[in-house]
Amino acid sequence: MLRVAIKILVISFFFIVMTGYSIAAEKGVVTYEKDIKKITSEKCIFCHGSDSPTIDEFDKDKEGFKKKMKGPRMETYQNLMIFVNGKDAGAVMRRLDDGKNTKDGKPGNMYQFLGNTDNERAKNFEVFKKWVGNWTLKKKKELTEDELKTIKAIEK
Ligand code: HEC
């Protein structure tokens, strides 16, 4: 009887510890819903919101939209992913890079919008980097299938 009770205790203890670990691990995972959406809606939507052109519309009149300070629409997970691992894969990484991975050592031209201070920009950049996982500045045509798969960028 005692042996059974001890076994149950040991097993329950094990499960409690494991649950604790998995909750902690989940907290560390960066997701679109939990972390990225907040940044894009504060920092990017002004020019990449639902009143902005789709990427196809944008490509037809880039100069016109640039003059109006409008970039292609990135207001939803699906639309943002076009620029992460979709048709224009790597664009988010090329535009947001802090300059440590670029050839000329200059930050991407959207890096400035990540925050109002050096600190805020660096912090939000780290969140994006963690979210993407494999931070690559390669273009769609230079990316292999395997490399594309290493891009995490999960929704939830
Ligand atoms: C003040 C307006 C403005 C803000 C704010 C802004 N962008 Fe942009 N963005 C543009 C414009 C205009 C373009 C198109 C011109 C260019 O390519 O530089 C662009 C282009 C881009 C591209 C390239 C799209 C393509 O065609 O490949 C990406 C990626 C991007 N922005 C991401 C972001 C992210 C992420 C944020 C927020 C951190 C952001 N932008 C904030 C105006 C803005």
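Biologist: What share of the chain's contacts with a separation of 6 or more comes from residues 24 or more positions apart?

Modeller: Such pairs account for 50% of them. Two residues are in contact if their C-beta atoms, placed from the backbone, lie within 7 Å. Please keep in mind that this is a predicted model, in which local features need pLDDT of at least 70, side-chain atom pairs count only at pLDDT 80 or more, and totals for chains, interfaces and linings use all residues. Residues are numbered from 1 along each chain as its sequence is written.

Biologist: How many helices and strands are there in the chain?

Modeller: The chain has nine helices and zero strands. Both are DSSP runs numbered from the N terminus: a helix is H or I with at least four residues, a strand is E with at least two.

Biologist: Why is Gly-71 called buried?

Modeller: It has 21 other C-beta atoms within 10 Å, and therefore it is buried. Gly-71 is in the loop between α5 and α6. Leaving aside neighbours within four places in sequence, Gly-71 is in contact with Cys-47, His-48 and Ser-52.

Biologist: Which residues are closest to the ligand?

Modeller: Cys-44, Cys-47, Gly-71, Ala-91 and Met-110 are the closest of the 21 residues around it. A residue is near a molecule if its C-beta atom, placed from the backbone, lies within 6 Å of it. The elements giving two or more residues to this shell are α2 (32-43), α3 (45-48) and α7 (91-96), and α7 gives the most, with four.

Biologist: How many residues of that shell are nonpolar, polar and charged?

Modeller: The shell divides into 12 nonpolar, four polar and five charged residues. Here Ala, Val, Leu, Ile, Met, Phe, Trp, Tyr, Cys and Pro count as nonpolar, Asp, Glu, Lys and Arg as charged, and the others, Gly among them, as polar.

Biologist: How do you know what span to expect for helix α8?

Modeller: The expected span is 1.5 Å times one less than the number of residues. Helix α8 (residues 118-132) has 15 residues and reaches 21 Å from first C-alpha to last, close to the 21 Å expected.

Biologist: Why are the buried residues of α2 said to line one face?

Modeller: The buried residues there are Ile-36, Ile-39 and Thr-40. Seen down the axis of α2, they fall within an arc of 95°, so they line one face of the helix. The arc is that of the directions from the helix axis to the C-beta atoms. Glu-33 and Ser-41 are exposed on the face turned away from that buried side. The cover over the buried residues includes α3, α6 and α8.

Biologist: Which residues of α8 are buried?

Modeller: Asn-124, Phe-125, Phe-128, Trp-131 and Val-132. Their arc, seen down the axis of α8, is within 120°, so they too line one face. They pack against α2 and α7, while Asp-118 and Asn-119 are exposed on the other side.

Biologist: What makes a group of residues a nonpolar core, and how many residues has the largest one?

Modeller: A nonpolar core is a set of buried Ala, Val, Leu, Ile, Met, Phe, Trp, Tyr and Cys residues joined through C-beta atoms within 7 Å. The largest has 19 residues, and those with the most contacts inside it include Phe-125, Phe-128 and Val-132. The elements giving two or more residues to this core are α2, α7 and α8.

Key:
A residue is buried if 20 or more other C-beta atoms lie within 10 Å of its own, exposed if 12 or fewer, and partly exposed in between; C-beta atoms are placed from the backbone.
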